Amino acid sequence: MHVISEKHLDDGLLERQFTLGEFPGLLWTPPAASAAAPVPLILLGHPPLGLRAMYPRLVARARRAAADGFATATVELPGSGDRPAWPALDEARAGLRRAMRAGGPVGDEIVDALVLPLVERAVPEWRSALDALLALPGIGGPVGYSGGLISVGIGLAVADPRIKAAVLFAGSLVPRVMFEEARRVTVPLHVLLQWDDEGNERQAALDLFDAFGSGEKSLHAHLGGHTGVPEHAGDAAARFLARHLKAA
């Protein structure tokens, strides 16, 4: 891991920009973190809009987590932000836009082409980042995952036993194969669902929640569209992760 820059924010939160191989990331650690007293880590997932565009929302989530005593980190998704273009992914996104403009259902071929290659590349990158982050002084386990594309969260929760609890947002298209993967997820789950999400099929989200194999899982549904998640929903999700990671 190569640290590009670091700065203290106005509340004492230490923000570090880093690169790991070909992808960039951000790490935030609270003032109390030290080699003698490492803090747990929450991985902040996000949609493929680029870290620059997502920064205000990410840093707000990092501040909230730091107040509960957690470090947070995120990485740029493949084909997004400042990373090299990914023609196949761009074509899949164009296909999705055409299907949505036509007003018809989005076919499985489009969903698979849009999501599955991203999961295949992103999950190993998140795991590599986790290896590097947990080797840093002041960062320790347990580890939680919060937000982002739900299929990436599913893949990471299945692949990496260091993930002890997760908050997932049912706001993205999910390939059918991921429903079978969801049955292998066993960590405690807190799932957010926007009831009127214009880009997400409600019944598919409910079916996916039913498929999760976790012994402890809860679904929190709120009225409103994709970007209308109420503030109290974010607070409840943060409390869920804090409770489970402190108990792990």
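1. Accessible areas here come from the Shrake-Rupley method with a 1.4 Å probe, and for residues only the protein chains shown count as cover. On that basis the protein exposes about 11500 Å², with carbon and sulfur atoms supplying 55% of it. Before going on, some housekeeping: this is a predicted model, where local features need pLDDT of at least 70 and side-chain atom pairs count only at pLDDT 80 or more, while totals for chains, interfaces and linings use all residues. Residues are numbered from 1 along each chain as its sequence is written, and side-chain values use heavy atoms, leaving out hydrogens and water.

2. Now the overall build. You are looking at seven helices and nine strands, where helices (H or I, at least four residues) and strands (E, at least two) are DSSP runs numbered from the N terminus. The radius of gyration is 17 Å, close to the 18 Å that the globule rule gives for 248 residues, so the protein is as compact as a globular protein of that length. That radius is taken over C-alpha atoms, and the rule is 2.2 Å times the number of residues to the power 0.38. Along its principal axes, the C-alpha trace spans about 55 × 40 × 30 Å.

3. Helix H4 (residues 150-159) deserves a look. Nine of its ten residues are buried, so H4 is largely enclosed by the rest of the structure. The buried ones are Ile150, Ser151, Val152, Gly153, Ile154, Gly155, Leu156, Ala157 and Val158. What covers them includes strand E4 (39-45), helix H3 (108-134), E6, strand E7 (163-169), helix H5 (177-182) and H6.

4. E6 also has something to check by eye. A cis peptide bond joins Gly141 and Pro142, with omega at about -5°. Pro142 lies in strand E6, which covers residues 139-147.

5. Next, the empty space. Rolling a probe the size of a water molecule over the atoms shows where empty space is left. On a 1 Å grid over the protein atoms alone, a cavity is a set of points where a 1.4 Å probe fits but cannot get out, a pocket is an open set with protein on both sides within 12 Å along at least five of seven lines, and lining residues have an atom within 4 Å of a point. Grid points are joined across faces, edges and corners, and a volume is the space filled by probe spheres set on the points.

6. How many cavities of 30 Å³ or more turn up? The count comes to one, and the largest cavity holds about 30 Å³ of space. Its lining is made of Ile150, Ala170, Val191, Leu193, Ala205, Leu206, Leu208, Phe209, Phe212 and Leu219. Strand E8 (189-194) and helix H6 (202-211) are the elements giving two or more residues to that lining, and H6 gives the most, with four. By class, the lining has ten nonpolar, no polar and no charged residues. The classes work like this: Ala, Val, Leu, Ile, Met, Phe, Trp, Tyr, Cys and Pro are nonpolar, Asp, Glu, Lys and Arg are charged, and the others, Gly among them, are polar.

7. The second largest pocket contains about 220 Å³ of space. Around it sit Ile4, Gln17, Phe18, Pro24, Gly25, Leu26, Leu51, Arg52, Tyr55, Glu76 and Asp82. Two or more of these residues come from each of strand E2 (14-20), strand E3 (23-29) and helix H1 (51-67). The class tally for this lining is six nonpolar, two polar and three charged residues.

8. Leaving aside neighbours within four places in sequence, Ala205 is in contact with Ala170, Leu193 and Asn200. Ala211 also has its place in H6 and counts as buried at 7% relative accessibility. With neighbours within four places set aside, Ala211 is in contact with Phe179, Ala182, Arg183 and Lys217.

9. One more alanine, elsewhere. Ala92 belongs to helix H2 (residues 87-102) and, at 8% relative accessibility, counts as buried. Beyond neighbours within four places in sequence, Ala92 is in contact with Ile110, Ala113 and Leu114.

Definitions and conventions: Buried means under 20% relative accessible area, exposed over 50%, partly exposed in between (1.4 Å probe, protein chains only). Contact means heavy atoms within 4.5 Å.
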